[in-house]
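Look at the model below and follow the chain from one part to the next. The paragraphs after it take a few places in turn.

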Amino acid sequence: MHTRTLGQDLRVSAIGLGAMGMSQSYGPNPGDRNAMVAVLRGAVDRGVTFFDTAEVYGPYVNEELVGEALAPVRDHVVIATKFGFRIENGASVGLNSRPEQIRAVATASLERLGVETIDLFYQHRVDPQVPIEEVAGTVAELVQEGKVRC
């Protein structure tokens, strides 16, 4: 499998796997949880090292699925997840990228993924109510704290 470098040093497979459709959006769920875990692990067996999820997928359950599936190979994969939505009563109801929300999402995502560090953490949708400098500054602080790698 060919690889690519994202940013300065985040090395990933040239082909990644976005897990959103395993929990929502693309017609009926394509399979039960065990089948989706098998798909994710099968991708690793075929050389895929880059996996994308987000708190809003499900919401929440997609991160849990990805975390469970990739736990046995955690040291060999890169997991990306995102923030930026306001979720209420199990539904996305708008945007929220305030610093305290970004921190809360990072903490919850770490727990759902079952990891100590999020490899790639980025804004899913731009929140026009929050200056981008505040968003970037908050993510930089999470990097300094070791909660986020990139």
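**From the core to a hairpin**

Not counting residues up to four places away in sequence, leucine 17 touches Met22, Leu40, Ala43, Val48, Phe50, Phe51 and Asp52. The model is a predicted one. Leu17 also belongs to the largest nonpolar core, which has 30 residues. Together with Leu40, Phe51, Leu70 and Phe121, Leu17 touches the most other members of that core. Two or more core residues come from each of these elements: helix H1 (33-45), H2, strand S5 (78-83), helix H3 (99-113) and helix H4 (132-144). In soluble globular proteins, nonpolar side chains tend to be buried together.

Helix H2 spans residues 61-70 and includes asparagine 62. Is asparagine 62 buried or exposed? Asparagine 62 counts as buried because its relative accessibility is 0%, and buried means under 20%. Which residues are in contact with asparagine 62, leaving aside its neighbours within four places in sequence? They are Ala19, Met20, Met22, Ser23, Asp52, Thr53 and Tyr57. Glycine 21 lies 41 residues from asparagine 62 along the chain, and the C-alpha atoms of the two are separated by 8.9 Å.

The last stop is a pair of strands. Strand S1 (residues 3-6) and strand S2 (residues 10-13) run antiparallel and are joined by four bridges. Threonine 3 stands opposite serine 13 in S2. S1 and S2 form a hairpin with three residues between the strands. In this hairpin, glycine 7 takes a positive phi near 65 degrees.

Methods: Residues are numbered from 1 along each chain as its sequence is written. This is a predicted model: local features need pLDDT of at least 70, side-chain atom pairs count only at pLDDT 80 or more; totals for chains, interfaces and linings use all residues. Side-chain values use heavy atoms; hydrogens and water are left out. Buried means under 20% relative accessible area, exposed over 50%, partly exposed in between (1.4 Å probe, protein chains only). Contact means heavy atoms within 4.5 Å. Two strands pair if DSSP finds at least two bridges between them. A nonpolar core is a set of buried Ala, Val, Leu, Ile, Met, Phe, Trp, Tyr and Cys residues joined through side-chain atoms within 4.5 Å.
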